[in-house]
Amino acid sequence: MYVKRRFTMLLMVCLLSMTALSVAAASTTEVTTEDDIVRQPEGTPPTNDWVLYTRNGGNGAFRSGPDTPPSGVGSLEFTTPTGADKAYLFNYEHISAELDTIDAIGYSTYRTAGNLSQVTSINIEVDPDGPNVPGGYTVLVFEPVYNTNQGAVVSGDWQTWDAYNGGNAIWWSSRAIPGVCAFNCFVTWDTILANNPDAVILGGFGVNQGSGNPTLVAAVDALTLGYNGDTVVYDFEPYAVVQSADDCKNGGWESLRRADGSSFKNQGQCIQYANTGK
């Protein structure tokens, strides 16, 4: 009886451990389209969870392709015709997240046109001092060009970049913060954390192109951020594809598409496609 009871208890512990691991590994994909964002000029306060900021002739557009994106059928493509142009898409849902809880950051890029190692970067607006100290602001920047162990930037191909890389990804800071000078100090993520243990996300997390990237046309997709056991992958799309029959109800069918981009004539068509793929 004792052996049986002990076996049962061990089995319960194993099952609870497996459940805990599955919760810790939770991951979601969120489709983001033009309907989810607002467009604002640079320097204005955010009025939405997603804001696409622009300067001069910089711009961003949700499009199909190019080629075969890593998630879904589309991506977000930035264009910066001159070195004075800029465009960036920031998400403001992660404010107050502690940097030392982050365990995943990344994205994929596709350069259509540009020079040398130019490509869109990842930006995080950070308070390096933490919420208990007044003031404090910098932008942490990840650029593939400084992470040569992940390969060289090329044109005409989707490339995936790990901006966390077990804490070993290389970043730089727009302002001098403890352990990191402004602009010219290229250090690991772990080095930033070691010198700024109370740092939190203060504002936007997203992708940025501009300020010295003339003639660059580059698309981004599968923007990823993970912390506190949860990971979200932002799938940039030109339209939202129906995922379930429930999506079609209450007028939802009017804004949804088939995977090929074609629209529905009515709710019934949408539900049929969701159930059968036809």
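## Disulfides and overall build of a predicted chain

A disulfide (a pair of cysteine sulfur atoms within 2.5 Å) joins Cys 181 to Cys 185, with an S to S distance of 1.9 Å. By this rule the count comes to two disulfides. This is a predicted model, in which local features need pLDDT of at least 70 and side-chain atom pairs count only at pLDDT 80 or more, while totals for chains, interfaces and linings use all residues. Residues are numbered from 1 along each chain as its sequence is written, and side-chain values use heavy atoms, with hydrogens and water left out.

**The disulfide of Cys 181 and Cys 185**

- The torsion about the S-S bond of Cys 181 and Cys 185 is about 115 degrees, so this disulfide is right-handed.
- Cys 181 has a relative accessible area of 30% and is partly exposed; buried means under 20% relative accessible area, exposed over 50%, and partly exposed in between, with a 1.4 Å probe and protein chains only.
- Cys 185 also counts as partly exposed, at 23% relative accessibility.

**The disulfide of Cys 248 and Cys 270**

- The sulfur atoms of Cys 248 and Cys 270 lie 2.0 Å apart and form a disulfide.
- The torsion about the S-S bond of Cys 248 and Cys 270 is about -75 degrees, so the disulfide is left-handed.
- Cys 248 lies in the loop between strand E16 (240-241) and strand E17 (256-257), and Cys 270 in helix H3 (residues 267-276), so the pair ties together parts that are 22 residues apart in sequence.
- Both Cys 248 and Cys 270 are buried.

**Pairing order**

- With the bonded cysteines of the chain numbered in sequence order, the pairing is 1-2, 3-4.

**Fold and extent**

- There are three helices and 17 strands in the chain; helices (H or I, at least four residues) and strands (E, at least two) are DSSP runs, numbered from the N terminus.
- Taken along the principal axes, the C-alpha atoms of the chain fill a box of roughly 70 × 55 × 35 Å.
- Among contacts (heavy atoms within 4.5 Å) between residues at least 6 apart in sequence, 63% join residues at least 24 apart.

**Surface and charge**

- The chain has 278 residues, of which 45% count as buried.
- Its accessible surface comes to about 13700 Å², with 54% belonging to carbon and sulfur atoms; accessible areas come from the Shrake-Rupley method with a 1.4 Å probe, and for residues only the protein chains shown count as cover.
- The chain has 14 positive and 29 negative side chains, and the centres of the two sets lie 10 Å apart.
- Lys and Arg count as positive and Asp and Glu as negative, while His and the chain ends are not counted; the place of a charge is taken as NZ of Lys, CZ of Arg, CG of Asp or CD of Glu.
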